[in-house]
Amino acid sequence: MKNLILTTAALALTAGLAFADTIRMGTEGAYPPYNFLNDAGEVDGFERELGDELCARAELTCEWVTNEWDSIIPNLVSGNYDTIIAGMSITAERDEVIDFTQNYTQPDPSAYLAMSMDVDVAGGVIAAQTGTIQASHIASSGATLVEFATPEETVAAVRNGEADAVLADKSFLKPIADEDASLMLIEQEELLGGGVGMGLRESDGELKAKFDAAITSMKEDGSLNALIAKWEVGVQF
């Protein structure tokens with residue numbers, strides 16, 4: 001559950017969505033298991049499966065659009081797509097610029113990935129993806145923050161010795177630690193953010209209501225918990 005911190009000032013919002021024939025679902029496509037591009041170059045992962053089901057329940061025709069993380073909110077506001085479904089945590093700062101559905105995952109612990117269990121996360125050099133709440137957390141601590149544009153680069157910084165550890169969502173880091181014996185998750189974790197939701201323009205209240213109703217129905221019938229368990233993206237509801 002990646003956590004983008006807005007660095008731009010308040011953005012002017014345009015008129016609300018007069019429902020388009022096709023709803024464009026914006027994602028990053030680079031943050032497994034939430035979203036990634038498969039071998040066929042198509043959006044895949046937990047949020048692809050979830051988003052397709054939400055669109056079906058809301059009786060909407062949807063298509064998928066990928067966008068780089070650092071401009072994902074401005075390009076929603078400017079109309080390049082109609083939703084953000086990209087592992088984005090709900091925060092008060094973002095809510096000043098865009099609107100959110102209810103959360104579709106619980107807050108996911110942020111974990112430290114390192115090459116030693118005794119790494120000094122309080123005073124060492126810690127990597128994080130630019131514009132995330134993990135980066136903000138490190139910057140406000142006594143550690144030295146090094147930022148990178150992509151999550152893969154943060155892990156590479158640990159491997160090549162540029163950083164002592166990387167702080168990111170545990171669900172992203174755990175498969176990496178499982179596959180690489182030289183990397184490990186240390187015991188200390190940070191609970192950041194308020195769960196992941198879909199981002200929408202503040203003017204698109206009708207679309208938000210449709211997706212909220214669809215998320216509620218998936219929570220009530222257990223299908224959302226089944227997806228959370230399948231993709232291992234945190235604690236079930």
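Which residues are buried in helix H5 (residues 151-159)? I looked this up first.

**Ground rules.** I worked from a predicted model, where local features need pLDDT of at least 70, side-chain atom pairs count only at pLDDT 80 or more, and totals for chains, interfaces and linings use all residues. Residues are numbered from 1 along each chain as its sequence is written, and side-chain values use heavy atoms, with hydrogens and water left out.

**Helix H5.** I found Pro 151, Thr 154, Val 155, Ala 157 and Val 158 buried in H5. They sit on the same side of the helix, because they cover an arc of only 150° around the axis. I took the arc from the directions that run from the helix axis to the C-beta atoms. Buried means under 20% relative accessible area, exposed over 50%, and partly exposed in between (1.4 Å probe, protein chains only). Helices (H or I, at least four residues) and strands (E, at least two) are DSSP runs, numbered from the N terminus. An α-helix has 3.6 residues a turn, so residues three or four places apart point the same way.

I then checked what covers this buried side. The cover includes strands S2 (30-31), S8 (110-114), S9 (125-129), S10 (144-148) and S11 (165-169), and helix H6 (170-179). Contact here means heavy atoms within 4.5 Å. Just after H5, I noted a positive phi of about 85° at Gly 161.

**Pocket.** Which residues line the largest pocket? I listed Pro 32, Pro 33, Phe 36, Glu 152, Val 155, Arg 159, Ser 171, Phe 172, Pro 175, Ile 176 and Glu 179. H5 and H6 are the elements that give two or more residues to this lining. H6 gives the most, with five residues. The volume of the largest pocket is about 230 Å³. On a 1 Å grid over the protein atoms alone, a pocket is an open set of points with protein on both sides within 12 Å along at least five of seven lines, a cavity is a set where a 1.4 Å probe fits but cannot get out, and lining residues have an atom within 4 Å of a point. Grid points are joined across faces, edges and corners, and a volume is the space filled by probe spheres set on the points.

**Cavity.** I counted one cavity of 30 Å³ or more. The largest cavity has a volume of about 70 Å³. Twelve residues line it, and the closest to its centre are Tyr 31, Gln 129, Thr 132, Leu 167 and Ala 168. S9, H5 and S11 each give two or more residues to the lining. S11 has the largest share, four residues.

I traced three strands in an open antiparallel sheet, in the order S2-S3-S4. S2 and S4 (43-44) stand at the edges with a single partner strand each, so one side of each is left without a neighbour in the sheet. S2 and S3 (residues 35-37) pair over two bridges. Two strands pair if DSSP finds at least two bridges between them. The bridge partner of Ala 30 in S3 is Phe 36. Pro 33 lies in the loop between S2 and S3. A cis peptide bond joins Pro 32 and Pro 33, with omega about 5°.

**Positive phi outside glycine.** Glu 59 has a positive phi of about 60° although it is not a glycine. Its loop runs between helix H1 (46-57) and strand S5 (62-66). Glu 59 counts as exposed, at 74% relative accessibility. Glu 232 also has a positive phi, near 55°.
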